[in-house]
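Please examine the sequence and the model shown below before reading on.

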Amino acid sequence: MSMFIGHKLIQEDSTLVLYLEPQLTEFALDFLRKNESEKNKKRTSLENGIYEYISKNLPDLKIGAAKVMLGSMLVASFSFGQAMPSYAQADMNLHQSQMNTSYSVKSGDTLYSISQKFDTTVSHLKKLNHLYSDMIYVGQSLKVVSDQLYNVKYGDTLYTISKKFGTSISHLKQLNNLSGNMIYAGQQLKVIDPHQKIYVVKYGDTLYKIAFMYDTQILPLKTINFLVGDMIYAGQTLYIPDHYMVSDPKSFLVLVNKKYSLSSNYVPPNMVVPNIPFTFNEYHQKKLLRKEAASALERLFNKADQEDIKLFGLSGYRSYERQDAIFTSNVQKKGLKAANQFSAKPGESEHQTGLAIDVTSPSVNYGLSQAFGDTKEGKWLKENAPNFGFIIRYQKGKESITGYQYEPWHIRYVGIEASKEIAQRNIALEEYISNFFSFQAL
Ligand SMILES: [Zn+2]
């Protein structure tokens, strides 16, 4: 009886895939589990089985490598030494596992339909692309494969490979579903995406400590690593998230930007229409602000009125859904990359906090332009807003910190203590927050 019930030939790299006789399940499992000397014995009988199969069924074929499968499980890989020319070529060892590593979202696509197309799962796609919701946009470029493949060479061990790719043995085993430490020349191992930040857990680490170290939070850390509990172990490899959900959306000091976003279901509490002149008369959600911000704005506008400064409200609160519609429409008009530079993705707009409002004046035709900063009204606003708890959120010279161009019209309520300090020290909210938290940690 042959060990194999059939085969498949992969022409591109002359790999023979052999399917083990299901009755050999125990043999295969032993092969995966037993100690080194047992494995070597099994390996010899497996190799002999392969040679026997090839000489009987495929005598004239030149074969570079063989993979032994039990159903869809890879049991072992063998390379036939010098017969595989790709080994001779340096730098051929690392290659993309698929040609298409990014996919441009088309109309009608959902994460589910894309996951089906690329033989993956919605959660893997979300993890790969750091998505915290199921929302995608037409034109959005999604990563569809993160893992790269490494062809194991003679002399390689999991240890040498882990050093080469800056990862750990346990992570390699985790990635490749290896139960033991044995690898074979010719075997293809998944290695990590070099762009993904990872951390190898050390003795004494806790999720809290790691989150603190990387300026992130426990929840996204758990989400991205599919952790159910809080337990981690030394040697475990964790992905470090580079985009976070804010944990305190109701705080007047909440930081919302391209790195920290609000969840799609966050609606600020206690929103009212401030009693100030707007550039339009009808009711619209964009007239809303949180009560505290609205009363502070009324005081600010009263003061302006007393000093004959003509200010108008243009756009305050913006729901996640409205931001989504605006962003999607910008993407359709200008493409994703351009849209990203002048408008915020849903969840990343400060307008969703109910603490920000765009302000304008007749001197700039009731519009939003950087020229507003040089008008009498723009200068007055910059000088007086901090006395009422507001800051000019996107200042000139702070673009690399805030991620936004200079916007002299966009004011943000942070409370009077913070606004005064931010203005006096001429810093961005991001800088204030990081000082604020390091101070608190002392
Ligand atoms: Zn704005």
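Which residues are buried in helix H12 (residues 376-384)? In this predicted model, the buried residues of H12 are Glu377, Gly378 and Leu381. Around the helix axis they cover an arc of only 100°, and they therefore lie on the same side of H12. Strand E17 (356-360) and strand E19 (407-413) are among the elements that cover these buried residues.

The wider setting may now be considered. The protein chain contains 15 helices and 19 strands. Of its 442 residues, 30% are buried. When contacts between residues at least 6 apart in sequence are taken, 64% of them join residues at least 24 apart.

In soluble globular proteins, nonpolar side chains tend to be buried together. The largest nonpolar core in this model has 39 residues. Leu297, Leu300, Ala385, Phe390, Ile391 and Ile411 are those with the most contacts inside this core. At least two core residues are supplied by each of helix H9 (291-306), E17, strand E18 (390-394), E19 and helix H14 (416-425). Helix H9 gives the largest share, namely seven residues.

Apart from its neighbours within four places in sequence, Ile391 is in contact with Ala385, Pro386, Ile411, Arg412, Val414, Ser419, Ile422, Ala423 and Leu429.

There is also a second, separate core, which has 15 residues. Ala28, Val68, Ala76 and Phe78 are included in this second core.

Technical notes:
Residues numbered from 1 in each chain as written. Predicted model: local features only at pLDDT ≥ 70, side-chain atom pairs only at ≥ 80, totals over all residues. Helix = DSSP H or I, 4+ residues; strand = E, 2+ residues; numbered from the N terminus. Buried ≥ 20, exposed ≤ 12 C-beta atoms within 10 Å, placed from the backbone. Contact = placed C-beta atoms within 7 Å. Arc of directions from axis to C-beta. Core = buried A, V, L, I, M, F, W, Y, C linked by C-beta atoms within 7 Å.
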